[in-house]
Amino acid sequence: MPPAGCVVVIGLLVLLGDVATTVAGIRVDAAAMMIRQPSDSVPTFREAPAFRNGAECAGGDKVNVAMTLDANYLRGTMAGVLSILQHTACPENVVFHFLAARMDGELIAMLRATFPYLELRVYRFDPSRVRGRISRSIRHALDQPLNYARIYLADTLPPDVRRVIYLDSDVIVVDDIRTLFSVDLADHVVGAPEYCHANFTTYFTDAFWNDPELSGTFHGRRPCYFNTGVMVMDVERWRTGGYTRRVEGWMAVQKQRRIYHLGSLPPFLLVLAGDIQAVDHRWNQHGLGGDNVKGRCRGLHPGPISLLHWSGKGKPWHRLDARRPCSVDYLWAPYDLYRPSSPVLEE
């Protein structure tokens, strides 16, 4: 295991064989390590290596991780999953829960073929549940219904899931995910890194701050910004506390009063800012995608790192493909399992 907090760039060594198999209707050609699919709607990926538990994992608790499953971000999701498995001592104890706007058979088959040893569950998130609640934000990607699926995690996951880590599809984990999963939430429903130095007032409009009834929601709290792309959630407490309805309530206010500009983040802040369990900043080295408008390059913040997060407009796979990468994008590249679908490599 690499030292905690180190950013480790590890080349992936794949041992090629001469065996060809078929998985869920998709041909997996081991000689070329290329997964074939019947159409161009889903990208192609190499099969990931098999990761096995260490001796200390016997009888260990399951670690639940939730992510969205979207063809537009599938490349990032695949890299994120690989990074989690590669850096935990107990990869077979990790259970992945994917929320998808539609049950795309090709996409799900591609996921299973890339990670044939992965324990995973896929749930359909109905976009109509939020479509009438979404207000236009400063970036189109933030307005997509699946971006709001994290609000409904507790309503979607089965009752046996009592705690879950939610991760965006643009993260790389370089530490053991069990450490994040086991943080003490005390009496809080959510744990996440807080950034109290950020100018919190900028997340809401003047109309919000000038209305005492609205801005009074923070009375008795010391609200700080936190990024909802990396959260540890007490699922039971979220359910019993009715937090989904609370967040939806602020989305309804937004539709009438225009009290913020970003997508799903501000209603989370309105309900939870100042009332979460603070997690070490090493678990969200965020902003690597730059700002939400131009996505300019940003460097790493000082300090130890357990998770790299390309929040913002710029995504590493887009910048690498365009041959205009930022320096931090080279930290993402070793986890990229993507292979272009054309031309198809043959032995």
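Student: What is the mean pLDDT of the chain, and what share of residues reach 70 or more?

Tutor: This is a predicted model, and pLDDT is the predictor's confidence in each residue. Here the mean over the chain is 85, with 83% of residues at 70 or more. Over residues 4-38, however, pLDDT stays under 50. For that stretch the model has 90 contacts beyond four places in sequence.

Student: How do I read a helix, and which residues of helix 9 are buried?

Tutor: The general idea is that an α-helix has 3.6 residues a turn, so residues three or four places apart point the same way. Helix 9 covers residues 243-257. From first C-alpha to last, helix 9 reaches 21 Å, close to the 21 Å expected for its 15 residues. Its buried residues are Tyr243, Thr244, Val247, Glu248, Trp250, Met251 and Gln254. They are on the same side of helix 9, because their arc around the axis is only 160 degrees.

Student: Which helices do the buried residues of helix 9 pack against?

Tutor: They pack against helix 4, helix 6, helix 7, helix 8 and helix 10.

Student: How many residues does the largest nonpolar core have, and which have the most contacts inside it?

Tutor: The largest core has 54 residues, and Phe96, Phe115 and Leu167 have the most contacts inside it. Helix 1, residues 74-87, gives the largest share, 7 residues. A second, separate core has 48 residues, among them Ala149, Val164, Val271 and Ala273. As for Phe96, its contacts beyond four places in sequence include Val65, Val81, Ile84 and Leu85.

Student: Is His309 buried or exposed?

Tutor: To decide, compare its relative accessible area with the cut-off: buried means under 20%. His309, in strand 15, has a value of 0%, so His309 is buried. Its side chain makes a polar contact of 3.4 Å with the side chain of Asp168. Beyond four places in sequence, the contacts of His309 also include Asp170, Asn227 and His286.

Student: Where is Ile305 found?

Tutor: Ile305 is in the loop between strand 14 and strand 15. Its relative accessible area is 4%, so Ile305 is buried too.

Technical notes:
Residues numbered from 1 in each chain as written. Predicted model: local features only at pLDDT ≥ 70, side-chain atom pairs only at ≥ 80, totals over all residues. Heavy atoms only, no water. Helix = DSSP H or I, 4+ residues; strand = E, 2+ residues; numbered from the N terminus. Buried < 20%, exposed > 50% of the residue type's maximum accessible area, 1.4 Å probe, protein only. pLDDT = per-residue confidence, 0-100. Contact = heavy atoms within 4.5 Å. Core = buried A, V, L, I, M, F, W, Y, C linked by side-chain atoms within 4.5 Å. Expected span 1.5 Å × (residues − 1). Arc of directions from axis to C-beta. Polar contact = N/O pair within 3.5 Å; in protein donor to acceptor, adjacent residues only side chain to side chain.
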